[in-house]
Amino acid sequence: MGYSQFGAMIPELIILGIFLVVFVADVFSRDGSAKKFLTPMTTVLFGLGTIAIWLLPSCEVSVFGGMYVNDTASMAIKAILNIGVFIVLLQSAHWVESDEVAIRKGEFYELLLVTLFGMYLMISARHFLLFVIGLEAASLPLAALVAFNKKHYESDEAAIKYILTAVFSSAILLMGLSFVYAFSGGSLYYSDIYTNIASGQMSGLLIVAMAFMIAGIGFKLSLVPFHLWTADVYQGAPTAITSYLSVISKGATAFAFFIIFVQAFGQIYPDCWEWMLYAVIIATITVGNLFAIRQKNLKRFMAFSSISQAGYIMLGAMTSSTIGLGSMMYYIFVYIVSNLGAFAVITSIENKTGKVGMDDYDGLHKTNPWLSFAMTLAMFSLAGIPPFAGFFSKFLIFTSATSTGSMPLYILVLIALINTIISLYYYLLVVKAIWINPGEAKVEAFKSNTGERAALWICVAGIVLFGLVPYIYEYCYNAALIPGLGQ
Amino acid sequence: MFFGNILIWFVVVPILMLAGLALCGQNNMKAIRGVMVTCSTVLLGMSIWLVCDFLAQRAAGNQAEMLWMDSWMWYKPLNIHLAVGVDGISVLMLLLTSIIVFAGTFASWKINPLPKNFFLWYSLLSTGVYGFFISIDMFTMFMFYEVALIPMYLLIGVWGTGRKEYSAMKLTLMLMGGSAFLMLGLLGIYWHGTPEGMPHTWNILEISHYGNIDYGWQNLLFVFTFVGFGVLGAMFPFHTWSPDGHACAPTAVSMLHAGVLMKLGGYGCFRIAIFLLPHAANELAWIFIILTGISIVYGAFSACVQTDLKYINAYSSVSHCGMVLFALLMLNTTAMTGAILQMLSHGLMTALFFALIGMIYGRTHTRDIRQMGGLMKIMPYLGVCYMIAGFASLGLPGMSGFVAEMTIFFGSFEHADMFHRIFVIAATTSIVITAVYILRVVGKLILGPVQDEHHLSLTDATWWERLSTVTLIACLAGIGFFPNWLSETIQHSFKPIVDALAMAI
């Protein structure tokens, strides 16, 4: 084995490189004043890294005996997530300069980059060992990030909740994996598992193993019934981290889930996975929606909305085909811009006034017409209203879910469709607060910071263009043309 | 090329209108009105030209199913196109839309507050409607359909009156609920509509050409698509959004919504549900005949007991739109032609009604007929207009309503069996009931004694209000006196649909 193999992991190396630069810069500038350049430097470096990843030629790379594979789909999802992280960095640029956090902003960026590195490993893993390493690298630093407002009681509480559930879910996942190991003839390669567990070999233990694995990964995706940590953690965490948790971490895990689902357990898919996932999706979409209706705090509101959105993302996994994976990646991309658009507004208002209640948004259009406009677009996009991107992503993921033509999937899509109406109701509540509710505006007029504004512009452009311009979907679809998937 | 097709301009112009409005200042009424009047006049001119050219081409012997057909690839992996094309019916619908958008602009001359935002959403709404009528691709059709629905929420919620928040939410959720059913139906048609080995398609003409959907699926999908569009067509158990929504909406929005948007429901019903699923249409029409029959009679009776002018009209719309769906379900050329005539007639008439109610309300600040009377003495112009609209509504010969309803009932009576006869006879009673509630209002409101002394000082219509109403009345009388060219245009366009129905028995 030569070290040249590392050279194949270009996206990871880029992230690692940025991490090292930030780390060194942070270490050698311990006196407060010199750290001014840290935020712009990281943002610019990361932006360049994102461009580099987008421009990389996509070729199939498989190293370390097939443990690590970088195919077109993995490259595409990494590029998509990178854009999301870039938006998060822009959004948080102002917040990390606040008095309480400024001294520790180096840590903020380092931890963030480490989690992203972990997610990349999860995405590219084709061996469960690497997957678990990636998963841990992605979740443990996140707990530290959740606790980043360390003087705030809620932030600490959220971190404790997050770390306990994360560790617990990892334990369950590992338990499930050890059962799988017993069936797979002593190998944890996805491909070996695929060939060694034939469909005829169903047993109670295997079903338990599958249930454990769904539970373990479901925690990360906050699928119902493994979602109970979500609302508290989202509410307590700093808003930058909430937005990171709600899109990036979800997107990466959903993709990894799909790959495991198809490439490792594809053979026993109809017997085992499908119905469990079916039930979990219905529960996720419905419960997320019903709980979102009652929320008065916008961060909790977004937490439940993101739970139900995760259910929609997983619809892409109901058909193990190119169109399913392509639609899922497209959905993730659109969800990133829509959700981060909403969070950009929430962050700006929270940073200026400290207000996150839905009541505080009453009459917002009188004082902040542009923020109101952006928030309205984000809500419409999340609800799936044309001509905004959310409509296209929902439509395409429903189309992909019905592509096999089986009746249960039509029923699933019908349930999901009815749920979009429920979700429309609560997204419209925000629109109603902004435009319709009477009374004086509770948030005074202000100009948001450059970083937040830039993030918002990117998101609004994405919301408007990603649907009308078909290239994004084509990009995702073409990237999803990987071996092992049906059409 | 893309912009070489006239139909595309029906979407491009509203988008330019949106862009133009976006550049205007929030309260710069001059600029906003300038943009609105220019663009709506251009659209009206384009529609008239389109109708003339359509007739000329037909007269010259162009027998193609759709004219100005064109198709551009949009989402390649799923074979989604932006496909356009119009037949005689869509051409007339485009004309109707243009007339009402034009009249609506003048009816909301003094809109307040936030005039710019109002017209932005109004333009988005009309973009959706135009796009829907020019599309022959199910995906784009559905997209434009939803584009037309959502602005209603803000238009009613912000600029409405009365229980506007409740009504806006109810209307939006019910219509979107309908479109959820519709979407499942469309997905089913997409995945089952093409024979083995052919690429799946969203194109309506191609799917109907293949005629590949098996009978079991047809029945299921027909229910989904018909109910989906039926919600917007105010079909009986799903009509409850309509009275509340129309009563609370601002004038121009009521006009556009009752005048055009509800027609989207009827249009979709025959263009997608009946045309693409003909076997199921033959088999299941009876269920919906019952429901729409109830709509017709129930709507008319409900209108009789209302005291709010807008509620009277909203219920009368339920009745009249029920008539549209009812006639479509008769599945023969005559009745279906009547349905389209009814769509046009009802669109213009309701728009006129809502415009007049808006104008009266703007002066008297009440819509309750118990608190008003003798408007003929106070504002004779508006009074006369109201009577004309009323006569059109109750089907007086010489007005559009008469032509439409006669055609519908003649067509419906072609069915000789007991079931159809009973329902047709029940539906005809609505003509009498309509006369009851229209004459009640006219007698009390227009001709009765003056109820409120303060009303005596009110003024008659202004120039922009006259322009708005005269346009609509001219069109109403036009249909009434010269129905022939209309019904010929329509009849020809129903041929493929009736053929498909006959093949599928």
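These questions and answers go through a predicted model with chains A and B.

Q: How do you know how confident the predictor is in chain A?
A: Confidence runs from 0 to 100. The mean pLDDT of chain A is 88. In this chain, 97% of the residues reach 70 or more.

Q: Which elements of chain A have the lowest and the highest mean pLDDT?
A: Helix α4 of chain A, residues 99-102, has the lowest, at 81. Helix α17 of chain A, residues 389-401, has the highest, at 93.

Q: What makes the contact between chain A and chain B, and how many residues does each give?
A: Chain A gives 30 residues and chain B gives 25. Two residues count as in contact if their C-beta atoms lie within 7 Å. On the side of chain A that touches chain B, α14 (322-353), α17, α18 (407-435) and α20 (471-479) of chain A each give two or more residues. The most come from α18(A), with 12 residues.

Q: What kinds of residue make up the side of chain A that touches chain B?
A: They divide into 22 nonpolar, 6 polar and 2 charged.

Q: How do you know how the span of helix α2 of chain A compares with the expected one?
A: Set the two values side by side. Helix α2 of chain A, residues 38-55, has 18 residues. From first C-alpha to last, this helix reaches 26 Å. At 1.5 Å a residue, 26 Å is expected, and the span is close to that.

Q: Why are the buried residues of α2(A) said to lie on the same side?
A: The buried residues are A:Leu38, A:Thr39, A:Thr42, A:Phe46, A:Gly49, A:Thr50 and A:Ile53. They cover an arc of only 105 degrees around the axis, so they sit on the same side of α2(A). What covers them includes α1 (10-27), α3 (72-92) and α5 (105-124) of chain A.

Q: Which exposed residues does the other face of α2(A) carry?
A: The face turned away from the buried side carries A:Pro40, A:Val44, A:Leu48 and A:Leu55.

Q: Why is α17(B) called largely enclosed?
A: A residue is buried if 20 or more other C-beta atoms lie within 10 Å of its own. In α17(B), 11 of the 13 residues are buried, so the helix is largely enclosed by the rest of the structure. Among them are B:Phe402, B:Val403, B:Glu405, B:Ile408 and B:Phe409.

Q: What do the buried residues of α17(B) pack against?
A: They pack against helices of chain B, including α13 (309-329), α14 (333-364) and α18 (418-447).

Q: Why is B:Trp464 called partly exposed?
A: Buried needs 20 or more other C-beta atoms within 10 Å, and exposed means 12 or fewer. B:Trp464 has 16, so this residue is partly exposed.

Q: Where does B:Trp464 lie, and what is it in contact with beyond its neighbours within four places in sequence?
A: B:Trp464 lies in helix α19 of chain B. Those neighbours aside, B:Trp464 is in contact with B:Phe106 and B:Trp109.

Q: How many of the 505 residues in chain B are buried, as a percentage?
A: Buried residues make up 61%.

Terms used:
Residues are numbered from 1 along each chain as its sequence is written. Chains are lettered from A and ligands numbered from 1 in the order in which they are written. This is a predicted model: local features need pLDDT of at least 70, side-chain atom pairs count only at pLDDT 80 or more; totals for chains, interfaces and linings use all residues. Ala, Val, Leu, Ile, Met, Phe, Trp, Tyr, Cys and Pro count as nonpolar, Asp, Glu, Lys and Arg as charged, and the others, Gly among them, as polar. The expected span of a helix is 1.5 Å times one less than its number of residues. The arc is that of the directions from the helix axis to the C-beta atoms.
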